[in-house]
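Student: I'd like to go through some labels on this structure and see what backs each one up. Can we start with the charged pairs?

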Amino acid sequence: MDYMENVADFLSRHSESLVEEWRKQVLVSIGDPFQEKIFENGMKMYQLIIGRLRNEYDEKTIEVLACRVAEERIEANINIGEFVYNVNIGRSEIFKYLSMVEMSLESLQPAINQINECFDLFLYHAVSRYTELKDKMIEEKSTFINATHQDRLSLLGQMTSSLIHEFRNPLTSVKGFIKLLAKEYPDMKYIDIISSELEQLNFRVSQFLMLSKKEIAGKEKQAFYMDKLIDEVTDFLYPSLLTNQIDLSKDIHHNVMFYGYFDEIRQVLINILFNAIDALYVIEEERNIDISLKESPGEIILSISNNGPIIDEVSLHTIFEPFVTTKELGTGLGLFVCKQIIEKHGGSISIHSEKKITTFSIHLLSEKDGFSVVKEQGECRMEI
């Protein structure tokens, strides 16, 4: 006796009532543009199962229907969970009706296995196709967002480059007159503070220039001592450290040479130290900033730590993104600029934050662009 054929005949005779029972239980979202197609596809799947029991259809037929349904679900923009639920409701209804067949479970088992295989293959191909299309949509959206983002940054770079140059002209004049006043009236009160504040303002606006993709004309790389640069920057920031009662400690290897853009690396140090000073402003206990400079074969490692508040996990993942800031008047460009500069020099920058200590780590290559730093009798020269 052909049990498969008997099961197929039974399901064929009860197709109308079985599909109607399924229709009563399925989930259909309001606004689904394929509401009627859902029921059409359900009937096609039902007929396909009957055909498989009679060995009339192969797996490719199931795949074609499954992919078409997946494309409709993508276009309808309905959660895939609703589709999976409806398919399994259909499976349950078929098995409920099979309980009325006058056959032993042993005789029914091959048909049950065949029906399960049909449903499993249908779900596999449908969900796989749905996921593939969804991933493609996400990729296309991400590409569009990134392109728009880059265009925005490029435009911002061009605008700020022009604007900041115009801003710097009167600022340079003011700085010049301050120096003249200091020379003519060396005992004038607050002249040093005014000069220091102007220098800090000058460096704060300089970070906008770093957004421009074009290099400044005539700007060249040079060899310089990293430890001397750190001393220069901390001397420059001394008034801010003193005002905020911050203790600064250094663990620095001396005569650490680097070849790169001096002003840009200086900007990185100032940005990170300014951030550390701002972070420490909110705590009432002892305030500390620690700077470490070490050199290993082929690499320079610079770490700047502070004992300010912990930075949450979400912020850590976006801290180097442009326009991300926790400061009320912040631009969100400082750390973005730092990352741009360090990566331009072939290095990397990272942050680690836990209770009572936040550390920025900068790794730079001590050999760059085919140049090797050679130390001879306290002097240095560059070799190609």
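Tutor: A salt bridge here is a side-chain nitrogen of Lys or Arg within 4 Å of a carboxyl oxygen of Asp or Glu. Bear in mind that this is a predicted model, where local features need pLDDT of at least 70 and side-chain atom pairs count only at pLDDT 80 or more, while totals for chains, interfaces and linings use all residues. Residues are numbered from 1 along each chain as its sequence is written, and side-chain values use heavy atoms, leaving out hydrogens and water.

Student: What makes Glu232 and Arg266 a salt bridge?

Tutor: Their closest N and O atoms are 2.8 Å apart, and the cut-off is 4 Å, so the pair qualifies. Glu232 sits in helix 8 and Arg266 in helix 10, 34 residues apart. Helices here are DSSP runs of H or I with at least four residues, numbered from the N terminus.

Student: Why is Arg266 called buried?

Tutor: Because its relative accessibility is 9%, and buried means under 20% relative accessible area (exposed is over 50%, partly exposed in between; 1.4 Å probe, protein chains only). Glu232, at 33%, therefore counts as partly exposed.

Student: Why are helix 8 and helix 10 called oblique?

Tutor: Their axes come within 10 Å and cross at roughly 50 degrees. Under 35 degrees is roughly parallel, over 145 roughly antiparallel, 65 to 115 roughly perpendicular and the rest oblique, so these two helices are oblique.

Student: How do you know that Glu71 and Arg129 pair up?

Tutor: Same test: the closest N and O atoms are 3.3 Å apart, which makes it a salt bridge.

Conventions
Axes are lines fitted to C-alpha atoms, for helices over the stretch in contact, and angles run from 0 to 180 degrees between N-to-C directions.
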